[in-house]
Every structure is written in C-alpha cells, then in structure tokens.
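Please read the points in order, with the structure open beside you.

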Amino acid sequence: MGIIGDSLDKAAAGTATRAIPKGAPAQMRFLVKQHKGTRAVAELLGISQRTVERYVKGQFKKPHADLAARLAGEVRMRWQPRVKEKAKKQAATSTGIVVETRARFGFTAAPGTTDDGRIRLITQHLPPEYAARLFDAQAAGATDEQLQAVVAEGLQEQYFKDRGRRADGLLVEFTDIDYVELDF
C-alpha cells in the first residue's frame, strides 16, 4: 500500500473503541479465532504452526521485534471491523474527512500567474463526497496514485478554489509528499 492507503488504514484503526489485545499470546489467540485455526495464522505470519500453538498456550510470551510488529499489524487490521465500517460510513455520508499534508503543490492556471510548485503545509476538511470516493477507490483496489488524485482534487476544490468562489481555471498538481495524515 502507498502513503495515502496507509494513512486511510491508520485513520480507520484510530476509530476503534477498545485497545487491541496487549500481549503476544492474547494477540495470537485473537488471530487463531479469526482464522479458525493455527495453520492459517502460521502461514499469515510466516512462522511454524507449532510456534503459533506455543504462543496460544502461553509457552512463548515475547516474540522478536519483527514478529511482534507483524502480529500487532495483523491484529490491528482485523480489530473491530464493524466499528471501522460504521465510522467510514459516517464520514462518507455526513462528516467528511480531514487531510493534513506537507507536499509540493504546483499549478496550471491562467497566463500571468505563477505556477511554480512549492512545499505547503495544509490542513483541510474535505466534504463527505471525497471521503466516499476515497473509500470506494480503496475498496476497489486503487493504486496510491489514484487515491492521491482524489485527495488532490478535493484539496484543489476546497482549499485552492475556495469551494468554487475563486481561481476558476486552476488545476493543482500534488507531488513530493512528505507526509499525509487523514482523520475521520
């Protein structure tokens, strides 16, 4: 996944109402329950089935850093899916999404205006239709460039064109992304 997709996943994970299980044995039990067996979890994490069983029984408690990160990531991705879907639905229908980014913005505009790109720090609320487009594109397996185009269009209309009140022919280029944080 790219920077926009990862930020969408992080924002969705931030909507959880309860914290993920803390210890490795509890996280492993959660994954075993989700996947209905230890073999699928072993394949998912790239470890042996016996190792998964030892974590479930509590014989192993402290995974190495790489396994701990993969384990926590898989649990976080599957944790409270209905809560995440409800938050996405609310963002896509009523509340919208907030984008905070530091990136290079260049312009294609009317003659006589500057179109040189420059780094800007922007925090902007995007209406629900852009949130819905982002979620639909992500669900359809869109590339990060396609997700970036949706965010660029939203920032163009909301921030640079001030919701259609100025800069009529302006087209915004959204490149050299330093970071993007999304929240809904």
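1. Before the helix pairs are compared, one term has to be settled: the axis of a helix is a line fitted to its C-alpha atoms over the stretch in contact, and the angle between two axes runs from 0 to 180 degrees between their N-to-C directions. Please also keep in mind that this is a predicted model.

2. With that in hand, look at helix α3 (residues 38–45) and helix α4 (residues 49–57), whose axes come within 8 Å and cross at roughly 110°. Because angles of 65 to 115 degrees count as roughly perpendicular, α3 is described as roughly perpendicular to α4. The crossing of these two helices, α3 and α4, is right-handed.

3. The residues that meet in this pair are T38, R39, V41 and A42 on the α3 side, and Q49, V52 and E53 on the α4 side. Sorted by class, the contact of α3 with α4 holds 3 nonpolar, 2 polar and 2 charged residues.

4. Helix α2 (residues 24–35) packs against helix α5 (residues 65–78) at an angle of about 50°, and their axes lie 10 Å apart. This angle makes α2 oblique to α5, and the crossing of the two is left-handed. From α2 the contact draws on A24, Q27, M28, F30, L31 and H35, while α5 contributes L71, A72, E74, V75 and R78; by class, these residues are 7 nonpolar, 2 polar and 2 charged.

5. How are α7 and α8 oriented to each other? The axes of helix α7 (residues 128–139) and helix α8 (residues 144–160) come within 9 Å and cross at roughly 175°, and the two helices are therefore roughly antiparallel to each other. Their contact is made by Y130, R133, L134, A137 and Q138 of α7, together with L147, V150, V151, E153, G154, E157 and Q158 of α8. In this contact of α7 with α8 there are 6 nonpolar, 3 polar and 3 charged residues.

6. Which helices each supply at least two residues of its lining? They are α1 (3–13), α5 and α6 (81–95), and the largest share, 5 residues, comes from α1.

7. To find this pocket in the structure, look for its lining residues, which are D6, D9, K10, A12, A13, G73, R76, M77, P81, K84, E85 and K88. Divided by class, the lining of the largest pocket has 4 nonpolar, 1 polar and 7 charged residues.

Note on methods
Residues numbered from 1 in each chain as written. Predicted model: local features only at pLDDT ≥ 70, side-chain atom pairs only at ≥ 80, totals over all residues. Heavy atoms only, no water. Helix = DSSP H or I, 4+ residues; strand = E, 2+ residues; numbered from the N terminus. Parallel < 35°, antiparallel > 145°, perpendicular 65-115°, else oblique. Left-handed = near helix turned anticlockwise from the far one by under 90°. Contact = heavy atoms within 4.5 Å. Nonpolar A, V, L, I, M, F, W, Y, C, P; charged D, E, K, R; others polar. 1 Å grid on protein atoms, 1.4 Å probe; cavity = no way out; pocket = protein on both sides within 12 Å on 5 of 7 lines; lining within 4 Å.
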